[in-house]
Amino acid sequence: MIRKTIENFLDSDTKTIGLILGLLGICGCIAVYNAKIYDSNPFYFVLRQFLWVLIGLIIYFTASRINFKFYKKNIIFIIAIFWIPLIAVSFFGEKVNGMNGWFILSHNPLPIYVQPAELAKPAYILFLCWLCCKIKNHFKKFIYLSIGCISWILPIVIEPDFGTTLIYFAGFIIVLWLCGGKKRYFIFIFILALLASLTIMFLKPYVLRRFMGYLFPLHDPYGSGWHIMQFRYAMARGGLEGTGLGKAIWSSTYLPLSHTDSIFSSLTESLGLIGIIPILISFVLLIYLTFSLALQAKSRFVALFACSLVSVVVFQAFLHISVNVGFFPPTGITFPLVSYGGSSLIATMLGFGILLSAVNSEKTKN
């Protein structure tokens with residue numbers, strides 16, 4: 001009886017995935033409030049985040065109801081809609097936290113910030129999957145995917161936003177791997193990526209300082225090692241059971257960007273390791289549901305897009321957690337659906353909406 005109930009629940013794909021996305025969004029609102037509770041106006045952030053969750057869910061359900069033929073037929077137009085702002089923001093965008101990657105649509109009374117690099121992620125993955133399915137020759141596929149990847153990554157590097165660049169690069173690797181890319185291609189990519197990383201460290205000394213601060217945080221605990229040390233203190237304070245919601249004192253006082261880049265540490269301080277597990281299970285469930293849908297798909301394009309999209313989202317979540325637990329240098333990567341910010345949340349909802357539209361198109365064929 002219980003098994004049948006679970007199976008029936010999991011079969012309602014759109015509702016189940018929408019429910020998980022919505023619950024993660026609500027968890028994000030709670031996490032943002034928890035991180036900002038000692039600010040002068042903590043409700044400002046949580047109410048804005050709640051509004052983005054509602055808008056994101058509307059976009060998710062709307063995108064899932066649009067016939068996937070529309071996306072396939074207008075893919076060039078969709079790509080242009082998201083790629084052009086990515087180029088334009090370098091020239092006409094506003095600088096926030098040292099990065100020229102934002103359009104500020106309004107300042108007062110309600111500031112609205114739009115980050116094209118975040119919004120473009122679903123279109124980027126859709127574009128790579130489309131290229132992969134359109135080109136049959138393996139070498140040509142590798143070349144065209146590489147050119148496509150560079151055309152999207154280069155504007156983000158110019159901003160500069162190296163954290164988001166890493167996510168886009170991971171998307172390229174994931175699509176190429178799922179397409180059956182040859183081992184020699186990945187060796188070549190690894191060598192180029194290593195050379196590019198060393199070049200960036202040479203040209204951008206703050207990147208090297210951040211990396212050295214990650215390796216040896218105690219050498220400069222009040223400078224380059226500050227972020228790493230605060231991660232450790234916040235999570236150590238949370239332990240297994242946490243200090244309780246609303247009691248993230250260390251995160252609110254010392255942890256930089258506790259509502260965005262450091263939200264996992266902030267949540268762990270309050271909820272502890274045990275309390276954070278349901279959020280991790282939610283992402284695992286998203287992988288399971290999406291890959292199950294992909295295995296049922298008869299279209300290679302649909303299966304590839306479904307697997308690639310969820311893999312990129314989960315990779316970003318994994319990278320955010322890895323940074324917060326000290327396994328990876330600070331990158332400025334947000335926690336999908338949980339961190340504060342409308343651009344990232346809406347992009348994730350839109351991506352899953354298109355994914356469900358693709359899967360539903362397979363069902364209507366049958």
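**Close-up views of a predicted model**

View 1. Leu21 belongs to helix H2, which covers residues 13–36. The model shown here and in the other views is predicted. Leu21 has 0% relative accessibility and therefore counts as buried, the cut-off being under 20%. Beyond its neighbours within four places in sequence, Leu21 is in contact with Tyr60, Leu286, Leu337, Met349 and Phe352.

**View 2. Leu337 in the loop between H15 and H16.** Leu337 sits in the loop that joins H15 to helix H16 (342–365). The phi of Leu337 is positive, about 75°, although this residue is not a glycine. With 1% relative accessibility, Leu337 counts as buried.

**View 3. Leu257 in the loop between H13 and H14.** The loop between H13 and H14 holds Leu257. Leu257 is a residue other than glycine with a positive phi, near 50°. Its relative accessible area is 36%, so Leu257 is partly exposed.

**View 4. Asp261, a buried charge without a salt bridge.** Asp261 is found in the loop between helix H13 (249–253) and helix H14 (263–296). Asp261 is buried but forms no salt bridge; Arg210, the nearest side chain of opposite charge, is 7.3 Å away. With neighbours within four places in sequence set aside, the residues in contact with Asp261 are His320, Asn324, Gly332, Ile333 and Thr334.

**View 5. Helix H9 and the segments at its ends.** The loop between H8 and H9 contains Pro160. A cis peptide bond links Glu159 to Pro160, with omega at about -5°. Helix H9 (residues 162–178) has 17 residues, which at 1.5 Å a residue should span 24 Å; the C-alpha atoms at its ends are 24 Å apart, in agreement. Just after H9, Gly180 has a positive phi of about 85°.

**View 6. Packing of helix H9.** Buried residues of H9 include Gly163, Thr164, Ile167, Tyr168, Phe172, Ile174 and Leu176. The buried residues of this helix pack against helix H6 (116–119), helix H7 (121–134), helix H8 (138–158), helix H10 (183–203) and helix H15 (300–324).

**View 7. The largest nonpolar core.** This core has 90 residues, and those with the most contacts inside it are Ile17, Trp152, Phe172, Phe335 and Phe352. H15 gives the most to this core, with 15 residues. Apart from it lies another core, of 6 residues, including Tyr214, Ala234, Leu255 and Val323. In soluble globular proteins, nonpolar side chains tend to be buried together.

**View 8. Contacts of Phe335.** Phe335 is among the residues with the most contacts inside the largest nonpolar core. Leaving out neighbours within four places in sequence, Phe335 is in contact with Thr260, Ile263, Phe264, Ile279, Phe283, Ala317, His320 and Ile321.

**View 9. The whole chain, for reference.** The protein chain has 16 helices and 3 strands. Its C-alpha trace spans about 55 × 55 × 45 Å along the principal axes. A compact globule of 366 residues would have a radius of gyration near 21 Å, and the protein chain has 21 Å, which agrees. Of the 366 residues, 52% count as buried. Among contacts with a separation of 6 or more, 70% are between residues 24 or more positions apart.

Definitions and conventions
Residues are numbered from 1 along each chain as its sequence is written. This is a predicted model: local features need pLDDT of at least 70, side-chain atom pairs count only at pLDDT 80 or more; totals for chains, interfaces and linings use all residues. Side-chain values use heavy atoms; hydrogens and water are left out. Helices (H or I, at least four residues) and strands (E, at least two) are DSSP runs, numbered from the N terminus. Buried means under 20% relative accessible area, exposed over 50%, partly exposed in between (1.4 Å probe, protein chains only). Contact means heavy atoms within 4.5 Å. Lys and Arg count as positive and Asp and Glu as negative; His and the chain ends are not counted. A salt bridge is a side-chain nitrogen of Lys or Arg within 4 Å of a carboxyl oxygen of Asp or Glu. The expected span of a helix is 1.5 Å times one less than its number of residues. A nonpolar core is a set of buried Ala, Val, Leu, Ile, Met, Phe, Trp, Tyr and Cys residues joined through side-chain atoms within 4.5 Å. The radius of gyration is taken over C-alpha atoms; the globule rule is 2.2 Å times the number of residues to the power 0.38.
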